[in-house]
Amino acid sequence: MAQAQGLGKKYIKAFFKGFFVAVPVTVTFLDRVACVARVEGSSMQPSLNPGGRQASDVVLLNHWSIRNYDVQRGDIVSLV
């Protein structure tokens, strides 16, 4: 019984150690490299949501290209 409690504490400790490493890494990645966004409405038609359909499109916002000023003609730029 005592051995099972020690094993449970070991797994809980490993979980929290991984959690406190994974969360900052994920937040940094989403803030600096790329994130996923959903485009709804008719503001971006016909490039996104073509044909007037009500479904939303999912896009990858590439933060890395903007930081390196690698924007070309025809690219869609998202501003907050």
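This report walks through a pocket, a group of aromatic rings and one arginine in a predicted model.

## Before you start

Because this is a predicted model, local features need pLDDT of at least 70 and side-chain atom pairs count only at pLDDT 80 or more, while totals for chains, interfaces and linings use all residues. Residues are numbered from 1 along each chain as its sequence is written, and side-chain values use heavy atoms, with hydrogens and water left out.

## The largest pocket

Let's begin with the largest pocket, which has a volume of about 540 Å³. A pocket here is an open set of points on a 1 Å grid over the protein atoms alone, where a 1.4 Å probe fits and protein lies on both sides within 12 Å along at least five of seven lines. Grid points are joined across faces, edges and corners, and the volume is the space filled by probe spheres set on the points.

Which residues lie nearest the centre of this pocket? They are Leu61, Asn62, Ile76, Val77 and Ser78, out of 20 lining residues (those with an atom within 4 Å of a point). At least two lining residues come from each of β1 (34-39), β2 (57-62) and α2 (63-67); helices (H or I, at least four residues) and strands (E, at least two) are DSSP runs, numbered from the N terminus. By class, the lining has twelve nonpolar residues (Ala, Val, Leu, Ile, Met, Phe, Trp, Tyr, Cys and Pro), four charged ones (Asp, Glu, Lys and Arg) and four polar ones (the others, Gly among them).

## A cluster of rings

Next come the aromatic pairs, and the structure holds four of them. Rings of Phe, Tyr and Trp (its six-membered ring) pair if their centres lie within 6.5 Å; planes under 30 degrees apart are stacked, over 60 edge-to-face and the rest tilted. One of the pairs is Phe15 with Phe19, stacked at 6.1 Å centre to centre with 25° between the planes. Both sit in helix α1 (residues 2-32), four residues apart, or about one turn of the helix.

Phe19 also pairs with Phe20, this time edge-to-face, at 5.5 Å centre to centre and 75° between the planes. Ring pairs link Phe15, Phe16, Phe19 and Phe20 into a cluster.

## Arg38 on its strand

Finally, Arg38 lies in strand β1 and counts as exposed, at 59% relative accessibility. What does Arg38 touch, leaving aside residues up to four places away in sequence? Its contacts (heavy atoms within 4.5 Å) are Ser56 and Asp57. Arg38 and Asp57 are 19 residues apart along the chain, yet their C-alpha atoms are separated by 5.8 Å.

How values were computed. Buried < 20%, exposed > 50% of the residue type's maximum accessible area, 1.4 Å probe, protein only.
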